[in-house]
Structures are given as structure tokens and as C-alpha cells.
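Student: I am new to this structure and would like a close look at one part of it, the way its helices cross. Could you start there and then show me what surrounds it?

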Amino acid sequence: MSATDNEPTRTGGGMGGLLDDYPDVDKHSCQLLGPTALIVQGLMGILVILSLVYKRHRETVKRPWRIWLFDVSKQVIGQMFVHGFNVLVSDLVSQHSDQNACVFYFFNILVDTTLGVALLYIILHLLTYLCADKFQLIGFESGVYGKPPSIVFWGKQAALYVVALTTMKLLVLGLLAVFPGLFIIGAWLLSWTQTGDGDALQVIFTMGIFPIVMNVLQFWLIDSIVKASEPSTLSLDTDAHDGLDREPLFGVPSDDEDDDIGPNDTTLRTPDQLHQSTITLVHTPPERPRIDNANGGRIQVVWV
């Protein structure tokens, strides 16, 4: 027996052998396992957060950082739940059926970031209306955390957001169960990733490129949903100074200290002194010439 007989035979070349050296990639179930998953998910999270920072930078009325962190953290918690749910369902599908888990995972993300966002908008607004308006519960108005912001209000809204997200996911799964033919559309959309070299391109696109792009879009849309609709609710502190009880920057002299500027006052004053003084305008009629003929017959013009 030669030495080469003991070596495992590597099938496939090109793109098919791209992931052969990475045991953390399960090409059959279309899932990333182990450290590779942490790298991919970490990169996805960093890009999503940076995109939200850029979105805040473009806001006309910028949210304070604390309010922004409260809004974004609700999405992060919800997205962790959704991602774990998607991976779990995809794994169950790959183990108990002959369907391609890549197609299921791809279509799941596609529906979550399009139709799911619309469903989440309706469900979250309905739950907010029931809690905040119908039952008059405090702290459930989305994006409003009180002055100063309260972690209790944030907890209530985060719980409400997760409930809305769970309801949306159940509706999406129900839709996929009622219309299984939708997977044919997903398989057709991913058909270009199926090459003769294997399904490595499909794994990279489904687990890496596509989720990053669609999650950025989803986070932008949901951020506009969960943030406060009124700019007046974005301040951190109470309006202790409303502008009516503020002291002047410089002391203003009283009336007794005002200097009257008369018509013959030639004292040089600075602009600040002129501003603080009371200027009295005296109207003097124009002088008129008068002819005086009482001086020895000579006519004399006198200005009065």
C-alpha cells in the first residue's frame, strides 16, 4: 500500500474546495459553526452598528447618545433572538427534510427584512396603542424614556419589542408553512450560486454577504420605527431653565444710575456707555434772521 492510499481523497476543485480547509463550515446544512460563526456575526454586528451611527449623523434633530443607545439596544436584543431562531429552524429543516437549508435560511432572511418589517410596524404600533393609550400604562410609548431617561421604561419597551418580533416570526413561519411553494422562488433566486465546483459560493453568499446587506437595511427601517416621533421628547433633562428666569449676562444699571445726555454734553462715551444711558433729545427751532434798524439808521442782521 502506497503512502498516497492513506491520504483522504479531496473531491471538487475551485470554489468547491475553498471551504475544505475550514472544518467550522458545514456545507451540507448551510450553517457556520464554531469560531467562524463568531467572526461572521461579529463583522455583521460592527457594520450594522456603524451604519446606525452614520444614520444618526444624518438626522436633522440628532438624538442624544443615551437615547440613541436605548433605541439601538432594543434592536440588538431583538436581532439576537431572531438570528438564533432562524439558525434553529434552519437546522431542524435540514435534519428532518430533504430541503436545502441554505434556501430556507436565505428566504427566511429575505422575508424578515421586507415583509417582516411591515408586519413588525403594524404589530408594534398596535401593542403600543393598547398599552399606552387604551390601558394608560406609563413607559410603553416607543422611544420615550422619560426625563431623565429611565432604564425601567427601556425594559418595558424592549419586552414589548421582543413580543412584537416573536409574533412577526410566528406569522412568517405560518406563511411559509401554508405556502411551501415559496421555497421554489428561494431556490430560483439562489440558483446562480450553485456552480459545478460545489456549494461554497452559496454558503458564503447566504451566511455572509446577503445577511449583512439586508440586516443593515432592516436596522435602518426599524430604527425609524422604534425612535420617538416627536423631537421635543429627545431632551435628557427637564426644562429647569425656560428662559424666563435667567439672569442677564451683565448687570444693568438702575434708572438712578442712568446718565442723561443733554444737548450740550460733549463728553466722549464708549458705545456701551451710550447704550446704558438715557438719551434726551431737545428740539431746538432753527435760527431766524431779524433786521435791527435801531442803530443809527444802519441795518443790522441779528440771528435769533
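Tutor: In this predicted model, helix α4 passes α5 in a right-handed crossing. A crossing is right-handed if the near helix is turned clockwise from the far one by less than a right angle, and left-handed if anticlockwise. The axes of α4 and α5 come within 9 Å and cross at roughly 135 degrees; these axes are lines fitted to C-alpha atoms, for helices over the stretch in contact, and angles run from 0 to 180 degrees between N-to-C directions. The two helices α4 and α5 are therefore oblique to each other. Oblique is what remains once angles under 35 degrees count as roughly parallel, over 145 as roughly antiparallel, and 65 to 115 as roughly perpendicular.

Helix α5, residues 151-178, also crosses helix α3, residues 101-112, with axes that come within 11 Å at roughly 125 degrees. That crossing is right-handed too, and α3 and α5 are likewise oblique to each other.

Now look along α4 itself. Tyr-129 sits in this helix, which covers residues 115-134. With a relative accessible area of 43%, Tyr-129 is partly exposed, because that label covers values between buried (under 20%) and exposed (over 50%), with a 1.4 Å probe and protein chains only.

Stepping back, the protein chain has eight helices and six strands, taken from DSSP runs (H or I of at least four residues for helices, E of at least two for strands) and numbered from the N terminus. Of its 304 residues, 33% are buried.

Elsewhere in the chain, charged side chains pair up. The whole structure holds six salt bridges, each a side-chain nitrogen of Lys or Arg within 4 Å of a carboxyl oxygen of Asp or Glu. In one of them, Asp-223 meets Lys-55, with the closest N and O atoms 2.9 Å apart. Asp-223 belongs to helix α7 and Lys-55 to helix α1 (residues 35-57), so this pair ties together parts 168 residues apart in sequence. Both Asp-223 and Lys-55 are buried.

Glu-59 forms a salt bridge with Arg-63 at 2.6 Å between the closest N and O atoms. Glu-59 is buried at 10% relative accessibility, as is Arg-63 at 1%. Glu-59 also meets Lys-227 in a salt bridge, 3.9 Å from N to O. This pair links the loop between α1 and α2, where Glu-59 lies, to the loop between α7 and β3, where Lys-227 lies. Lys-227 is partly exposed at 26%. Through shared partners, salt bridges join Lys-55, Glu-59, Arg-63, Asp-71, Asp-223 and Lys-227 into one network.

A few notes on reading the model: residues are numbered from 1 along each chain as its sequence is written, and side-chain values use heavy atoms, with hydrogens and water left out. Since it is predicted, local features need pLDDT of at least 70 and side-chain atom pairs count only at pLDDT 80 or more, while totals for chains, interfaces and linings use all residues.
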